[in-house]
Amino acid sequence: MAYICFLLFAILYIVSYFIITRYKRKADEQEDEDAIVNRISLFLSTFTLAVSAGAVLLLPFSIISNEILLSFPQNYYIQWLNGSLIHGLWNLASLFSNLCLFVLMPFAFFFLESEGFAGLKKGIQARILETVVMLILLALLILGIVWVASALIDNDAASMESLYDLWEFYLPYLYSCISLMGCLLLLLCTPVGLSRMFTVMGQLLVKPTILEDLDEEIYIITLEEEAIQRRLNGLSSAVEYSTTELEWELESVKSTKTKLERRKKASAWERNLVYPAVMILLLFVTSLSVLLVACNILRLLVDETAMPKGSGGPGIGNASLSTFGFVGAALEIILIFYLMVSSVVGFYSLRFFENFTPRKDDTTMTKIIGNCVSILVLSSALPVMSRTLGITRFDLLGDFGRFNWLGNFYIVLSYNLLFAIMTTLCLVRKFTSAVREELLKALGLDKLHLSNNVRDSETKPAANGHQKTL
């Protein structure tokens, strides 16, 4: 089992390393003390991102393994796939998530920002000493906050004594609080991401050409590009704009020209078949997710075994947990991955985290660490959210199933209701945005920006100073 776990993690680590190096700022690569610190922080961030990927794959791998063991119970080639391996992976995911969240990522951040105490010789050892001291102070601070909070919530002798048990109670209790915050963050990000996915896929795919003359639009945008280029070269006066603004506008025009040329080169089936098919598929998957949550709400009201923290279940490979067997399990896996992608899209679509989005070859190590922590919190809460919403009936294993709040009926029911209501409202707002825009224009209220749809409908000033929409 150890060799299989090591092989899986090695693959995830390599993939994570290539992802981070793709976004890491190249200017940070120097040959001095800071380069060593950046390299150590890079390895720790890669380890954290690999753990996050493992947490995302944990529940789909367990679901598909259960169906494989049920279909081929005596097959010699899948003897390595057993309940012991599945339970071991869940325990390792919980252990490494705690390790990354409470030790490695704080160490990487403080190590990156440290300079050494005043009066000591500068170097790696001085920075490590300062980082360790900061970690100890942070641990004492968090320990005191959680101890006081737990004492205020449950003030009895048993709970007070259990707080002194660091490994068996304190760390699982703290991780339970982090998981609850992660689920609340998913509750905020996922509905936004589900509605935002239509815009993202619309930007990636080629839209159908209806009553549009692409040749004329490309000709107009080419003239604008040439006009801006002449102003930058000093052939005409540039009193209205600074050089930076003109360069930004030139990049925007080139980007628009590239999109128009791509639409022109696209084949007819790509424009008229792929785009509608993908949009219909997204609508189907999103509607199915909301429908499953609605069914889970009804199941919670009539059946107490629908709670996430319920009975132990039939075990790995003993019974299918999906009504439709292997097809149902495959559909559950698709929904889990779709919810994870939507939550990430929604996370970076929120105004509070807009500046947090990593950029290719231009992301500092501090921002990479913050992104890795955010992805870790989201991915660790994904199995809990999937089971809480009833997307799957696979029981949470290891420390994931020991969270106290999973046994609270009112918290679980409220979570399902809020998810269904917020997702429905986001989808209604998304599909009625065009109608609202036209109504506001008809009433003369479009200048008041009541629709808040700035991101999709914002127009940029053209080279002649007038606003123009192609």
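Colleague: How many residues has helix 11, and what does it reach from its first C-alpha to its last?

Modeller: This is a predicted model, where local features need pLDDT of at least 70, side-chain atom pairs count only at pLDDT 80 or more, and totals for chains, interfaces and linings use all residues. Residues are numbered from 1 along each chain as its sequence is written, and side-chain values use heavy atoms, with hydrogens and water left out. Helices are DSSP runs (H or I, at least four residues) numbered from the N terminus, and the expected span is 1.5 Å times one less than the number of residues. Helix 11 has 24 residues, its span is close to the expected 34 Å, and it reaches 34 Å.

Colleague: Where in helix 11 does a kink lie?

Modeller: The bend at a residue is the angle between axes fitted to the seven residues ending there and the seven starting there. In helix 11 a kink of about 40 degrees comes shortly before the proline Pro 383, at Leu 382.

Colleague: Is Ser 386 buried or exposed?

Modeller: Ser 386 is in helix 11, which covers residues 365-388, and 21 of the 24 residues of that helix are buried. Buried means under 20% relative accessible area, exposed over 50%, and partly exposed in between (1.4 Å probe, protein chains only). Ser 386 has a relative accessible area of 0%, so Ser 386 is buried.

Colleague: Which residues is Ser 386 in contact with, leaving aside its neighbours within four places in sequence?

Modeller: Contact means heavy atoms within 4.5 Å. With those neighbours left aside, the residues in contact with Ser 386 are Leu 59, Ile 336, Ile 391 and Thr 392.

Colleague: What is the distance from Cys 100 to the nearest cysteine sulfur?

Modeller: A disulfide is a pair of cysteine sulfur atoms within 2.5 Å, and a search of the whole structure finds 0 of them. Cys 100 is in no disulfide, and the nearest cysteine sulfur, that of Cys 372, lies at 9.4 Å.

Colleague: What kind of aromatic pair do Phe 9 and Tyr 13 form?

Modeller: Rings of Phe, Tyr and Trp (its six-membered ring) pair if their centres lie within 6.5 Å; planes under 30 degrees apart count as stacked, over 60 as edge-to-face and the rest as tilted. The structure holds 12 aromatic pairs. For Phe 9 and Tyr 13, at 6.4 Å centre to centre and 40 degrees between the planes, the pair is tilted.

Colleague: Why is the pair of Phe 109 and Phe 110 edge-to-face?

Modeller: Phe 109 is partly exposed at 33% relative accessibility, whereas Phe 110 is buried at 18%. The ring centres of Phe 109 and Phe 110 are 5.6 Å apart, and the pair is edge-to-face because the planes are at 65 degrees.

Terms used
Helix = DSSP H or I, 4+ residues; strand = E, 2+ residues; numbered from the N terminus.
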